[in-house]
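The sequence and the model are shown first, and the discussion follows.

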Amino acid sequence: MPQIETIFVPNEGTLPDNLKEYQVKINGVEDLDITDDDGHVGTYGDFISLGVELPNVDYSRGSDISHDMQVFTGDGYSCNIKFRASDWLRIDILTGPSNEAKSIYRVVPEQAIRYLSLHLPKGKMVRLRFGPEGFEDLRYDADDDGVFETVVEPTINVTGTQARDLTPPQINVDFTVQNNIATVTINATDNETGIRRIRYTPDEREFYYTGPFTIDLNESQLILVVAEDGAGNESRRFKWLDITPPTTTAVLSPTPSADGWNNTDVAVTLNALDTLGGSRIDSITYSATGAQTISETTMKFKDPPLTFPRPSTAQDIATTNLTITEEGTTTVTFFAKDKAGNIESTKTITVKIDRTAPTVQIRELITPTRQAVIEATDNSSGVKAIFYSFDGQNYLPYVLPVALNPILSQRIYAYAEDKANNRSEIVQHDFGSLTR
Ligand SMILES: [Ca+2]
Ligand SMILES: [Ca+2]
Ligand SMILES: [Ca+2]
Ligand SMILES: [Ca+2]
């Protein structure tokens, strides 16, 4: 939990009598103004504060659209927070005595007022007013005449122990799948004030949860569940309904020979793909044994930005690479995991590297006739073919011993190739004349 380092103490000179302290959180607006009845004006937005600091307000910015304020009022001192309505708003106001324990909450709440998922006409000016008489209900200016006439009552207004419930509910989502239809059961619990309501969103629509419901996984594999307790504390949970593991394919580069061998380092690219609309790739794990050992390595992928609802046509690919450099046969083992925790069954691919050319010998066989015997050996992938030539220009595949002229001298050239396409040097052998 974030630690509040100091508790704001309002300006001693203006400290009103009958001090009331409010902790105010506003979510869903970018900029706001705070004014008091003494003529101070503060503008809070991209820059933490523009204009005059208000004597009895401590402001801090949570994010682009969230604002955290501590407001002190009392006899003769009132202030207003004003902003333009956005599509969606949430406002939390707690009031009570100062929390001497300096916990995250600056007051010990005696009253909690909350506006949950507030949809006001966009762009209209909204006012929250705090004065000696307390917090006045939110008002907005529907006709833009500068008068805040339209009152909006809070969603939640609780006191005492209910106001001191600051812990959001726990959400548990279970589902079963049959014929690609998920049946979803939501359980939410709250120890303090109980569950007020549960909402869920499978697509653009939002529903109240009343019991198990079904979702066609061809349309959506992600739901958002929001549970509220009796005091308006809200917890949100995204749940993947993805039960299909990813599929990873390995691509070798360069492409191996027809016999499955390479004669250089081999780059292995592992491409992992989750099904359309699936939860996306969380990690790819690989290892290697054989000629080259790679201990189990897991490449974890950051969560790409999630647009919700997740389109059923969306797909992500995740890629990692490794290089095999050792001569011989290496088995690479790999699998991917998706963000819903589905793990692909292990796959393997064999990488075979032979960088060494065969050696070739040519010898003479006299009996029964004069022939040239060409032999090649290869210590790894094996000899694929031998070629020979009488003139060093035109080579023929060597299959059987080559018949030689029985008397005249002759020269034979030969080379061999292995299954990794390594080609030996050309060797030559002179067969001497048998005439006297
Ligand atoms: Ca008005
Ligand atoms: Ca609670
Ligand atoms: Ca999946
Ligand atoms: Ca070889």
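In this predicted model, strands E19 and E20 pair in the antiparallel sense over seven bridges. One of these pairings joins Glu228 to Glu234 in E20. The two strands make a hairpin with four residues between them, and in the turn Gly232 has a positive phi of about 90°.

Four strands form an open sheet in the order E17-E16-E19-E20, with antiparallel pairing. At its edges are strand E17 (207–208) and strand E20 (234–240), each of which pairs on one side only. Strand E16 (residues 195–201) is joined to strand E19 (residues 222–229) by six bridges, and these two strands also run antiparallel. Within this pair, Tyr200 has Val225 in E19 as its bridge partner. As a general principle, the strands of a sheet pair through backbone hydrogen bonds, in either a parallel or an antiparallel manner.

A second open sheet consists of three strands in the order E21-E22-E25, and its pairing is antiparallel. Here the edge strands are strand E21 (247–253) and strand E25 (317–324), each pairing on one side only. Direction ignored, neighbouring strands of this sheet are turned by 20° against each other on average. Strand E22 (residues 266–273) pairs with E25 over eight bridges in the antiparallel sense, and the bridge partner of Thr269 in E25 is Asn321.

| Strand pair | Bridges | Sense |
|---|---|---|
| E16 and E19 | six bridges | antiparallel |
| E19 and E20 | seven bridges | antiparallel |
| E22 and E25 | eight bridges | antiparallel |

The protein as a whole has zero helices and 34 strands. Its radius of gyration is 39 Å, well over the 22 Å that the globule rule gives for 436 residues, so the protein is more spread out than a compact globule. Along the principal axes, the C-alpha atoms fill a box of roughly 135 × 50 × 45 Å. Among contacts with a separation of 6 or more, 63% are between residues 24 or more positions apart.

The interior may be considered next. Buried residues account for 33% of the 436 residues. The largest nonpolar core has 33 residues, and those with the most contacts inside it are Val24, Val57, Val71, Ile93 and Ala112. Apart from this core lies another, of 17 residues, including Ile284, Leu322, Ala336 and Val351. In the largest core, Val57 is one of the residues with the most contacts; beyond its neighbours within four places in sequence, Val57 is in contact with Ile34, Gly42, Met69, Val71 and Cys79.

Is Glu425 buried or exposed? Glu425 counts as exposed because it has 9 C-beta neighbours inside 10 Å, and a residue is exposed if that number is 12 or fewer. This residue lies in the loop between strand E33 (410–418) and strand E34 (427–431). The C-alpha atoms of Glu425 and Ala357 are separated by 8.2 Å, although the two residues are 68 residues apart along the chain.

Finally, the confidence of the prediction should be noted. The mean pLDDT is 91, and 93% of the residues reach 70 or more. Over residues 1–7, however, pLDDT stays under 50, and the model has eight contacts beyond four places in sequence for this stretch.

Technical notes
Residues are numbered from 1 along each chain as its sequence is written. Chains are lettered from A and ligands numbered from 1 in the order in which they are written. This is a predicted model: local features need pLDDT of at least 70, side-chain atom pairs count only at pLDDT 80 or more; totals for chains, interfaces and linings use all residues. A residue is buried if 20 or more other C-beta atoms lie within 10 Å of its own, exposed if 12 or fewer, and partly exposed in between; C-beta atoms are placed from the backbone. Two strands pair if DSSP finds at least two bridges between them. pLDDT is the predictor's confidence in each residue, from 0 to 100. Two residues are in contact if their C-beta atoms, placed from the backbone, lie within 7 Å. Axes are lines fitted to C-alpha atoms, for helices over the stretch in contact, and angles run from 0 to 180 degrees between N-to-C directions. The radius of gyration is taken over C-alpha atoms; the globule rule is 2.2 Å times the number of residues to the power 0.38. A nonpolar core is a set of buried Ala, Val, Leu, Ile, Met, Phe, Trp, Tyr and Cys residues joined through C-beta atoms within 7 Å.
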